[in-house]
Structures are given as C-alpha cells and as structure tokens.
Amino acid sequence: MNLEIFTFEFAQRALIASVLIGLVAPLVGTYLVQRRLALLGDGAGHVALTGVGLAILFGWTPIPFALVTATLGTVLIELIRDRSKAAGDLALALVFYGGIAGGVFFASLSPGGTSAALNSYLFGSLTTASRADLIYLALITIIIFIIIYLWGQNIFAVGIDTDIAKVQNIPVKVTAIVLAVLSALTVVVGMRVVGLLLVSAIMIIPVAAAQQITNSFKSTMFLASFLGLISSLAGLLISFFVDVPPGPTIVMVSLGIFAIMAIAAAPLKRKEKPKAPLHNH
Amino acid sequence: MLRAVLDIIPIAHGKITIKANKIAYVPQRLPAVSGIPISVYESVASGLLDGKIRLFSKKADKARVLQALKQVQIEELAGKSLAKLSGGQLRRVMIAKALVSKPDLMLLDEPTAGLDSNSQKRLLRTLRELKEAGVTILLITHELGGLSVLVDRAVVLDRKAKKNISYFGKLPIPLNLEPESHHSEELKAKISESVLGLNS
C-alpha cells in the first residue's frame with residue numbers, strides 16, 4: 001500500500017478530520033444509545049443539511065450554518081419530546097424531511113442553481129476540508145470533550161432513571177438539551193469526512209459493537225471510541241485507494257467490525273446467561 | 001404515591017412539605033438492564049451526584065460506594081454488569097445507590113417486591129441500621145412481613161374509606177378494621193401534619 005498520498009495537505013486534513021470524528025462520535029453515541037435516542041443524530045444530520053444549503057446559497061462557510069441549524073433542530077426535537085414522546089417521534093420525522101428538503105431547496109437557489117454541491121456533504125469527501133474547516137472541527141471537538149467531562153455523569157444518571165435523577169436535583173430537562181446539543185456538534189464534526197447522511201452511523205455502530213463484550217458504561221465508551229477510530233481510519237484509507245466516498249466506506253468497515261464482535265461474543269453470552277429479573281408488580 | 005410526595009408528578013390538591021436535607025428514592029421498578037452495559041459500581045456511584053458539576057472525582061467517593069455495597073452485602077458484585085444480576089441483587093443495588101448519598105430521608109416503593117426470604121432479611125437488617133442511625137424511612141408496601149418490627153407509624157390506604165385512609169397509628173393494625181371507623185378531625189390533622197408533612 002502506497003501511503004505517499006499523505007504527503008499531500010488535503011489527505012492530511014482528511015486524516016485529521018477522520019481521527020476527530022472517529023474518536024468523538026462513539027462517545028456521544030454511547031449516551032444516545034443509553035437514552036434510546038439513536039435516531040437523534042440522524043435528525044441532526046438532516047437538519048444540518050439545511051444550514052449547508054443556506055451557506056451555499058449565500059456563499060458562506062457551511063460549518064457555522066450547519067452548526068446553528070443542527071443545534072436548533074435537535075433542541076426543538078428535544079423540547080417537543082419532553083412534552084410528548086409521540087409528538088417527539090413526529091417532530092423527528094418532520095426534521096428528517098424538512099432538513100433534506102431545505103438543503104436541496106436553498107442549494108438549488110444558489111447562482112449555479114444545482115444541488116450537486118450538496119453531495120460531498122451528504123456522503124463525505126476526501127478533498128473538501130479546508131484549513132479553516134479543520135480549525136472549526138478541532139474547536140468543536142474540544143468543546144464536545146469538555147461538555148462530556150463536565151456533564152457526562154449527569155447524562156448517564158438521567159439515562160439510568162429519570163425519577164431518581166430528579167430527586168438527586170439533576171436538572172433533567174437541561175441534561176436532555178445538553179445531549180441534543182452534543183449530537184448536533186458531533187454531526188458537524190463528521191459532516192466533512194463521513195457526510196451528514198451517514199455520520200449518525202459512526203455514532204451508533206461502534207457502540208453496538210463494543211457493548212457485545214463490555215461490562216460497564218465506561219468501558220463501552222472507551223472501546224466504542226477506539227473502534228470508531230479504527231473504522232474511520234481504515235475507511236478513509238480504503239476510500240483513498242478505491243474510488244468511493246469515505247462516508248459509506250467508513251460505515252461499511254464499522255459494520256464489518258460489529259459483525260465480527262457479535263459473532264465472537266455469541267459464545268460468551270450463551271455462557272453467562274443472566275438470571276431472569278423478578279417480575280415487577 | 002411516593003412520586004407525588006417527591007413532586008415528580010403533580011398532586012391534585014394540598015401541599016407537601018419535606019424537611020430533609022438529603023432525600024433518596026428507591027422506586028419499585030427495577031433498572032432496565034438491556035442496552036448499554038452498566039456495572040454495579042457505576043450504578044451505585046451515580047447516586048453520589050447532586051446536580052452540581054464535579055471537576056474531579058474524590059478518593060472518598062470510591063470508599064463511599066464500596067461502603068454502600070458492603071451495607072447491602074454485594075461488594076463482590078461491584079464489577080459485574082447489571083444485566084447479569086438476579087432481581088434480588090438488582091433491588092440491593094438500588095438500595096446501595098440510595099444509601100451512598102447518606103440520606104436523612106429515604107423513600108422506598110415496595111422494597112420487598114420480588115425478594116426471597118434471605119434477601120428480605122438482609123433488607124430488614126439494613127433498614128434497621130439506617131433507622132438506628134436516625135434516617136427517616138417512608139415505605140410503601142402491600143406486604144409488611146418482617147419489616148413490621150421497624151414500623152413506628154402505619155397508614156392503611158383503602159379506596160373505600162373516607163379520605164382513602166382506613167387506619168393511622170401504631171402496629172399491629174387492628175384485625176377487624178372498619179373502613180369508616182377512624183375518620184375523626186383529629187386523625188385528619190394528624191395525617192396532614194405527621195404523614196404528608198413529614199414534620200416529626
């Protein structure tokens with residue numbers, strides 16, 4: 001394998017961007033899976049597309065726009081979900097449709113009049129990350145790490161039992177919004193390399209793979225992050241040498257890792273069958 | 001009812017005042033064990049949180065978690081995933097999570113539900129120690145069993161009775177409890193002051 005390609009700056013930038021998303025996405029994904037909100041990242045990705053469409057229309061840098069629309073979208077979903085779970089489900093669906101439609105609509109209104117410019121944001125691209133993009137992505141990643149460090153335990157506690165968390169004086173609504181914002185930030189970090197349509201996959205699949213063999217939340221987070229990094233780097237390398245977008249390649253690699261982990265863990269799971277929890281009245 | 005006492009769900013009318021610094025709640029439902037694995041240690045340690053930002057974990061935290069696990073006699077399970085525990089063990093994890101915060105008021109919803117007789121004895125021992133340490137315990141149960149020796153005051157709820165309360169007082173509960181026989185104004189005052197207000 002010839003790695004000379006990494007002497008080029010664009011390849012180095014893609015590599016750094018893929019390391020960032022590979023590490024950080026599964027960390028946030030672990031909280032999303034615990035709270036059964038695996039689709040929230042997808043919602044964030046879709047609504048971020050509207051931000052990208054607007055940025056293309058006005059000729060601005062897409063990352064800040066995607067960040068604003070994704071954050072607003074996910075917070076809105078969370079506020080609606082807080083009132084009614086059914087309404088939250090519907091809100092998620094509306095954001096899915098509205099996000100894609102808005103992105104294509106605004107991009108088509110741009111001077112070139114085509115939505116083709118969106119493709120690199122939908123499925124990721126090796127060549128689009130600029131130096132300024134990379135600075136944005138690194139800053140957003142640092143913010144994600146800081147939020148997880150400061151508020152992660154509270155998100156975890158709310159995920160275990162909302163009622164107990166309320167008795168402990170943990171602000172449950174604020175915590176839900178923090179998680180929504182984390183999803184939006186992560187989606188924006190991943191939009192350059194993995195793409196907005198598939199970024200949620202790199203948040204969720206490594207977590208699904210890790211939890212096959214782990215016994216604790218923390219070990220799941222760390223292993224998922226490691227698997228995310230491996231998937232991201234391997235997917236990026238493959239996409240350099242086979243002419244395919246990096247997003248789908250990274251997701252295919254992570255699915256392969258999930259399959260291997262699930263098969264390897266099956267005998268262990270059979271061996272350690274839990275005693276059935278007693279019935280609650 | 002405990003969820004109403006804790007202001008998790010709204011009450012139809014009246015006011016509930018709780019005079020306690022640290023409250024711990026053990027719900028009836030067992031924690032969900034599907035999804036992301038959670039270790040016994042992590043579950044109990046989450047009971048230390050109080051909504052404030054914790055920049056660093058303290059050394060004392062670990063000791064408190066291990067102490068709480070010891071109190072319910074499951075210290076050897078600290079590293080195990082909740083998914084691998086029995087119903088009785090899960091119940092003890094929940095009680096350890098409540099204990100770790102060192103509460104002065106503890107609310108337990110059907111704490112003996114699904115526990116075998118050995119686990120019930122262990123629970124009795126733990127609650128007795130807490131009571132002796134000055135912790136106020138408010139528990140709801142359909143079957144008092146061995147816990148009756150700990151009870152200072154009992155309230156029997158009965159849908160058919162006036163104010164839905166058919167008895168208030170010390171144990172043992174009279175065998176031939178007449179649903180309508182204990183509803184004086186005095187009782188009403190006692191209930192609102194001592195039970196719902198938790199003033200004593």
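Chain B has six helices and five strands, where helices (H or I, at least four residues) and strands (E, at least two) are DSSP runs, numbered from the N terminus. Along the sequence, the pattern of chain B reads α-β-α-α-α-β-α-β-β-β-α. This is a predicted model, in which local features need pLDDT of at least 70 and side-chain atom pairs count only at pLDDT 80 or more, while totals for chains, interfaces and linings use all residues. Residues are numbered from 1 along each chain as its sequence is written, and chains are lettered from A and ligands numbered from 1 in the order in which they are written.

Of the 200 residues of chain B, 30% count as buried. A residue is buried if 20 or more other C-beta atoms lie within 10 Å of its own, exposed if 12 or fewer, and partly exposed in between, with C-beta atoms placed from the backbone. Glu110(B), in the loop between strand E2 (105–109) and helix H5 (117–132) of chain B, counts as buried because it has 20 C-beta neighbours inside 10 Å. Glu110(B) and Glu143(B) are 33 residues apart in sequence, yet 8.5 Å apart in space, C-alpha to C-alpha.

The contact between the chains draws 36 residues from chain B and 33 residues from chain A; two residues are in contact if their C-beta atoms, placed from the backbone, lie within 7 Å. On the side of chain B that touches chain A, strand E1 (23–26), helix H2 (40–45) and helix H4 (87–99) each supply at least two residues. H4(B) gives the most, with three residues. The table divides the residues of this side by class; Ala, Val, Leu, Ile, Met, Phe, Trp, Tyr, Cys and Pro count as nonpolar, Asp, Glu, Lys and Arg as charged, and the others, Gly among them, as polar.

| Class, side of chain B touching chain A | Number |
|---|---|
| Nonpolar | 16 residues |
| Polar | twelve residues |

In chain A, the axes of helix H3 (residues 62–83) and helix H4 (residues 85–108) come within 6 Å and cross at roughly 160°. H3(A) is therefore roughly antiparallel to H4(A), a term for angles over 145 degrees. Among the residues that meet are Leu76(A) and Ile80(A) in H3(A) and Ala91(A) and Val95(A) in H4(A). By class, this contact has seven nonpolar, three polar and three charged residues.

Helix H8 (residues 172–190) of chain A is mostly covered, with 15 of its 19 residues buried.

Notes. Axes fitted to C-alpha atoms, helices over the stretch in contact; angles between N-to-C directions. Parallel < 35°, antiparallel > 145°, perpendicular 65-115°, else oblique.
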